[in-house]
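Trainee: I would like to learn how to read the pockets of a protein. Could you take me through an example?

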Amino acid sequence: MTDAARRPVPGNFLWGTAISAHQSEGNNINSDAWLCETVTPTLYAEPSRDACDSYHRYEEDIAIAADLGFNCHRIGIEWARIEPEEGLFSTAALDHYRRVLDACHARGLAPMVTYNHFTVPRWFAARGGFEVVDGADLFARFAGKSTDRLGDLIAYASTFNEANIQRLVAQLRRGPEAGAATDAMLAACAKACGSDRFSSLLFAPVETSEPIMLDAHNKATAAMKAGPGNFPVGLTLTMQDVQGVGEGHHAEAMIDMLYGPWLEAARQSDFVGVQTYTRVLVGPEGRLSPPADAELTGAHYEFYPQALGGTIRFAHDRIGRPISVTENGICTDDDARRIAYLDAALAEVRQCLADGIPVHSYICWSLLDNFEWTRGYGERFGLVHVDFKTQKRTPKLSAAYFREAIAKNAVV
């Protein structure tokens, strides 16, 4: 790594960690995800149950983040709590999230708020979710109501977490068996709701949901911009470092499949949130497996922290908006490997900054070990270990590494 990559980051750089509402709060019983987890059959390894109980322990979590030296905290607000039934908004839930944001400010953490992190209310899924045209208006209404109560305390925000996630899921869950298992789970959810449909955001078909999600993003952005508050509204994307291999490779086709219209949507946003974990190799026949000698993470993808430099440069070249790294991290039970991954990823960020690329944050996924969707609690990304029986939080050595990294780079 060059000397430039070891220079301190700017003094106004945002250092933080991320958590999501459903993955950490627990007992999100009015959401589509909760129902998907608890029906039979299901794709989920286990239900989320109490998760990290962060709905009640948020002050402890925020204190841990502040004590580690972070100055930004990325959190989600849960639509299913704020509007548990269509048109019925919970003042208590909004007041709860206001207390969460107040706690961030009290500990010197700028709140970066995600309005949707993969989950929707159960009632919304049962009426067709983002496969029904007016789904965009309902999401924008939720965004407006939430901003009315919370906007003056928000520092940064995004509409959807990884807005292009359905494109990635479609690539990963190919084949008739995967499709049949998904259909069976959603059919069970529909039956449980007394509906003829159930559209869960993570599993909705791209061709029917994406146009409505694009409309929802635009309308929600307008509602968030209406205030109160005056905060940047960005768009976060799941970004793999797509690398072509061999003559006649199809890397550009893979890029088209991964992003579709979301690159253009990001160009219209205040910032783009880069969320990167690994690379994708693409040859003349399509996607390739990792090299035979590659180290794999606990989530079974290649250990390749250099991917972050590739995606930051891609975002700079193809989108051209201010860049925030809103997720980056590794699933592993070996914290020495987590430290090695983070050290290499941060070196990529510094090199990009040295090259004049406007990177404004590094947000690590995640603060806590938490519920990792269909894979349950078996995969640990956190800087802080969570004992899910006792809810005891124990910072790992990687948390101490991060505290030291921030301290060394606090000034220009």
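Trainee: How do the residues of the lining of the largest pocket divide into nonpolar, polar and charged?

Mentor: Keep in mind that this model is predicted. The lining of the largest pocket consists of 17 nonpolar, nine polar and eight charged residues.

Trainee: How is empty space found in general?

Mentor: A probe the size of a water molecule is rolled over the atoms, and this shows where empty space is left. In this structure, the largest pocket holds about 1,000 Å³ of space. It is lined by 34 residues, and those closest to its centre are Ile165, Leu168, Leu172, Tyr301 and Arg375.

Trainee: Which elements each supply at least two residues of that lining of the largest pocket?

Mentor: Helix H8 (165–172) does, as do strand S8 (279–283) and strand S9 (286–288). H8 gives the largest share, four residues.

Trainee: How much space lies in the second largest pocket?

Mentor: About 330 Å³. The lining of this second largest pocket has 20 residues, with Val169, Thr182, Phe203, Ala204 and Pro205 nearest its centre. Two or more lining residues come from each of H8, helix H9 (176–193) and helix H10 (206–225).

Trainee: Which element gives the largest share of the lining of the second largest pocket?

Mentor: H9, with five residues.

Trainee: And what is the lining of the second largest pocket by class?

Mentor: Count 10 nonpolar, six polar and four charged residues. Note also that H8 contributes to the lining of the largest pocket and to that of the second largest pocket.

Technical notes: Residues are numbered from 1 along each chain as its sequence is written. This is a predicted model: local features need pLDDT of at least 70, side-chain atom pairs count only at pLDDT 80 or more; totals for chains, interfaces and linings use all residues. Side-chain values use heavy atoms; hydrogens and water are left out. On a 1 Å grid over the protein atoms alone, a cavity is a set of points where a 1.4 Å probe fits but cannot get out, and a pocket is an open set with protein on both sides within 12 Å along at least five of seven lines; lining residues have an atom within 4 Å of a point. Grid points are joined across faces, edges and corners, and a volume is the space filled by probe spheres set on the points. Ala, Val, Leu, Ile, Met, Phe, Trp, Tyr, Cys and Pro count as nonpolar, Asp, Glu, Lys and Arg as charged, and the others, Gly among them, as polar.
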